[in-house]
Amino acid sequence: MAFDMTMALFRPALKYAMEKNGHGKTLGLKMTEINRGEINLVFPYKEEVVGNPLTGVVHGGVIVSLLDTACGSAAMTVLKTPAVAPTMDLRLDYMHPAEPNKPIYVEAKVYRQTSNVIFCRGLAWQEDKENPIAHCVANFMKVDSKSINFSAIAVTQLRRLMPWGRRATSDKESDK
Amino acid sequence: MSAEQTKHQLEDWQESVAAARLEKCPQSVMEMIPYAAFIGAQAKIENDRLLYRLDKRATNIGNPSLPAIHGGVIGGFLELSAAIEIIYSLDIATVPKVVDFSLDYLRAGRYKTIYAKCNILRQGKKLVNVTASAWQDDENTPIATARCHFLI
């Protein structure tokens, strides 16, 4: 395959945006592979995200977050200039519950794109990819949005490190 | 884990749910699920219906440059709300298992409180169908709607 300059630049930026910010950072997911139209990530088991306290199975919401992140990122990579593609809808089928204390692997692929829509498929599994825990389809809009402002992300991140800037992004302030 | 322990846990669970219903406090059901604390979801009763609320949190952001709430968090919040709706309002013995979940994003979730309401459309012997809708400013302009099936 020819060297893809856009992807070479976009890969670390996307990895940074997803792993070191907001919910991706909170979940602790790691992007293991980033290619055009294809994303792989891994999520280590965490006790904080248990949905069924009787069995220790992670909540379905985590699977939604993982697949949404993976599919959304995969959709971004197929654009000429990588930009945010808003999610139209997402459908998830849970094949069987995730086993506690084991990492969850996620793969997302863009299987079709038209002038307006990007169609994605995602799969989540633990030990056996042939026996997945969940399968999802997600569609994204192609809009003429500005390309992602990575410098703004870096600024937000830096501001969080500064004691005087922390107040602006802190979640402690109330919105009343 | 032994069968005995599992049975005890299930009994404890049922007791706590029954107590929450008696006190009309859906929040205590919410607190039994660790994921609720992870995203910061809350529940209360308003006009005889359950109202769910997700306050803004830096850890729930998906797109930091807007900033917007992560789509997955909105999905997780709606799925959690649907589960709480079932646990709290239906007389079932265990934690419902989600089978499928379908989510439509209508607007971007801005960095402020999200509210949600659920509707149980059908309860069968094994399967329950629930819809959930999330909004920020106005209930009539939802940011996302979801539909899910649970096995009970």
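Me: Why is B:C25 called partly exposed?
Reply: Buried means under 20% relative accessible area, exposed means over 50%, and partly exposed is in between (1.4 Å probe, protein chains only). B:C25 has 26% relative accessibility, so the label is partly exposed. Before we go on: this is a predicted model, where local features need pLDDT of at least 70 and side-chain atom pairs count only at pLDDT 80 or more, while totals for chains, interfaces and linings use all residues. Residues are numbered from 1 along each chain as its sequence is written, chains are lettered from A and ligands numbered from 1 in the order in which they are written, and side-chain values use heavy atoms, with hydrogens and water left out.

Me: What makes B:I61 buried or exposed?
Reply: B:I61 has 6% relative accessibility, so it counts as buried. You'll find B:I61 in strand β3 of chain B, residues 61–63. A strand here is a DSSP run of E, at least two residues; a helix is a run of H or I, at least four; both are numbered from the N terminus.

Me: What makes a group of residues a nonpolar core?
Reply: The members are buried Ala, Val, Leu, Ile, Met, Phe, Trp, Tyr and Cys residues, joined through side-chain atoms within 4.5 Å. The largest one here has 94 residues, and A:I63, A:L92, A:I104 and B:L78 touch the most other members. Helix α4 of chain B (residues 71–89) gives the largest share, 11 residues. In soluble globular proteins, nonpolar side chains tend to be buried together.

Me: Which residues is B:L78 in contact with, leaving aside its neighbours within four places in sequence?
Reply: Contact means heavy atoms within 4.5 Å. The partners of B:L78 include B:F101, B:L103, B:A116 and B:A132.

Me: Why is the pair B:K44 and B:E46 called a salt bridge?
Reply: The rule wants a side-chain nitrogen of Lys or Arg within 4 Å of a carboxyl oxygen of Asp or Glu. B:K44 and B:E46 come in at 3.6 Å, N to O, so the pair passes that 4 Å rule. B:K44 is partly exposed at 43%, and B:E46 is partly exposed at 35%.

Me: What about B:D137 and B:R110?
Reply: Their closest N and O atoms are 3.1 Å apart, and they form a salt bridge. This pair links distant parts of the chain, 27 residues apart: B:D137 is in the loop between β7 and β8, B:R110 in the loop between β5 and β6. B:D137 has 54% relative accessibility, so B:D137 counts as exposed, whereas B:R110 is partly exposed at 39%.

Me: Where do B:E139 and B:K117 sit?
Reply: B:E139 is in the loop between β7 and β8 of chain B, and B:K117 is in strand β6, 22 residues apart. They form a salt bridge too, with the closest N and O atoms 3.7 Å apart. B:E139 is partly exposed at 38%, while B:K117, at 18%, is buried.

Me: How many salt bridges cross between chain B and chain A?
Reply: The rule finds 1 across that interface. A:R91 pairs with B:D100, with the closest N and O atoms 3.3 Å apart.

Me: How many residues are in contact across chain B and chain A?
Reply: 41 residues of chain B are in contact with 39 of chain A. The two chains bury about 3,300 Å² between them, 59% of it on carbon and sulfur atoms. Buried area is the accessible area (1.4 Å probe) that two parts lose on being put together, summed over both. B:Y35, B:F38 and B:Y105 supply 19% of the area chain B buries against chain A, more than any other three residues.
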